[in-house]
Amino acid sequence: MDATLHLAQQPEADELLGRSPLAALVGMLLDQQVPMEWAFAGPYTIAQRMGRDDLDAHEIATYAPEAFATILSTKPAVHRYPGSMAKRIQQLCQYLVEHYDGDAATVWKDATTGDELLQRLKDLPGFGPQKAQIFLALLGKQLGVHPKGWRESAGPYGEQNSFRSVADITGPDSLTKVRAHKQEMKAAAKAAKASGK
């Protein structure tokens, strides 16, 4: 994997995301209840605090849980909920070690259809249906992973020229458009709730 991503909006953090399948997965895992840039800068921060230039699933899977939680909670914290996210990252790495010999890229390398890949992503700890679809769209749109029918499997996130998620962010302009779309969706949901629909 060697791509140029602009998800963290920090050159070093984005460089890691573009070359490290595990960093990209961990960034996606962290992408909830915090700004997207904060989430996707997380893998770089974790690697730095571990004294590494990449994340290693085997190392993280067997790391002492309290010590790993400290890596995430040291200020500035990697996430708003560093303790629970440390646990989730370790669960993800343990799953990758158990099912994919610790190689995150194997999750998508030999998937032949979009539906197969979507199911593999949904099977990952911490990846619900929406997160799995967004990551599938990111793989397809920016990382050159194109199993048959991937756009359809990614649902609305797979649509061309859309600005719905991290899959569509290629720089500051697209980040602004995705933010605007998310605000519209929140406003629509709020309005629907208020009208009792």
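This is a predicted model: local features need pLDDT of at least 70, side-chain atom pairs count only at pLDDT 80 or more; totals for chains, interfaces and linings use all residues.
Close-up 1. Look for N161 in the loop that runs between α10 (150-153) and α11 (172-194). The backbone deserves a glance too: phi of N161 is near 55 degrees, a positive value in a residue other than glycine.

**Close-up 2. Q33, in the loop between α2 and α3.** Here is another backbone to check: Q33 is not a glycine, yet its phi is positive, near 65 degrees. The loop that holds Q33 has α2 (21-30) on one side and α3 (36-49) on the other.

**Close-up 3. A cis peptide bond at P76.** If you step along the backbone from K75 to P76, you cross a cis peptide bond with omega near -5 degrees. P76 sits in the loop between α5 (65-73) and α6 (82-100).

**Close-up 4. L121 and the largest nonpolar core.** The largest nonpolar core has 66 residues, and the members touching the most others are L25, I46, I89, L121 and F135. Centre the view on L121 and set aside its neighbours within four places in sequence. The contacts of L121 are then L25, V107, F127, A132, F135, L136 and L139. Two of these partners, L25 and F135, are also on the list of core members that touch the most others. As background, nonpolar side chains in soluble globular proteins tend to be buried together.

**Close-up 5. The aromatic pair Y63 and F68.** The structure holds 3 aromatic pairs. In one of them, the ring centres of Y63 and F68 are 5.9 Å apart and the planes meet at 65 degrees, so this pair is edge-to-face; the cut-off for that label is over 60 degrees. The two partners can also be compared by accessibility: Y63 is partly exposed, with a relative accessible area of 26%, whereas F68 is buried, at 0%.

**Close-up 6. The tilted pair W108 and F135.** In this pair the rings of W108 and F135 lie 5.7 Å centre to centre, with 55 degrees between the planes. W108 belongs to helix α7 (residues 106-109) and F135 to helix α9 (residues 129-142), so the pair ties together parts that are 27 residues apart in sequence. Both W108 and F135 are buried.

Definitions and conventions. Residues are numbered from 1 along each chain as its sequence is written. Side-chain values use heavy atoms; hydrogens and water are left out. Helices (H or I, at least four residues) and strands (E, at least two) are DSSP runs, numbered from the N terminus. A nonpolar core is a set of buried Ala, Val, Leu, Ile, Met, Phe, Trp, Tyr and Cys residues joined through side-chain atoms within 4.5 Å. Buried means under 20% relative accessible area, exposed over 50%, partly exposed in between (1.4 Å probe, protein chains only). Contact means heavy atoms within 4.5 Å. Rings of Phe, Tyr and Trp (its six-membered ring) pair if their centres lie within 6.5 Å; planes under 30 degrees apart count as stacked, over 60 as edge-to-face and the rest as tilted.
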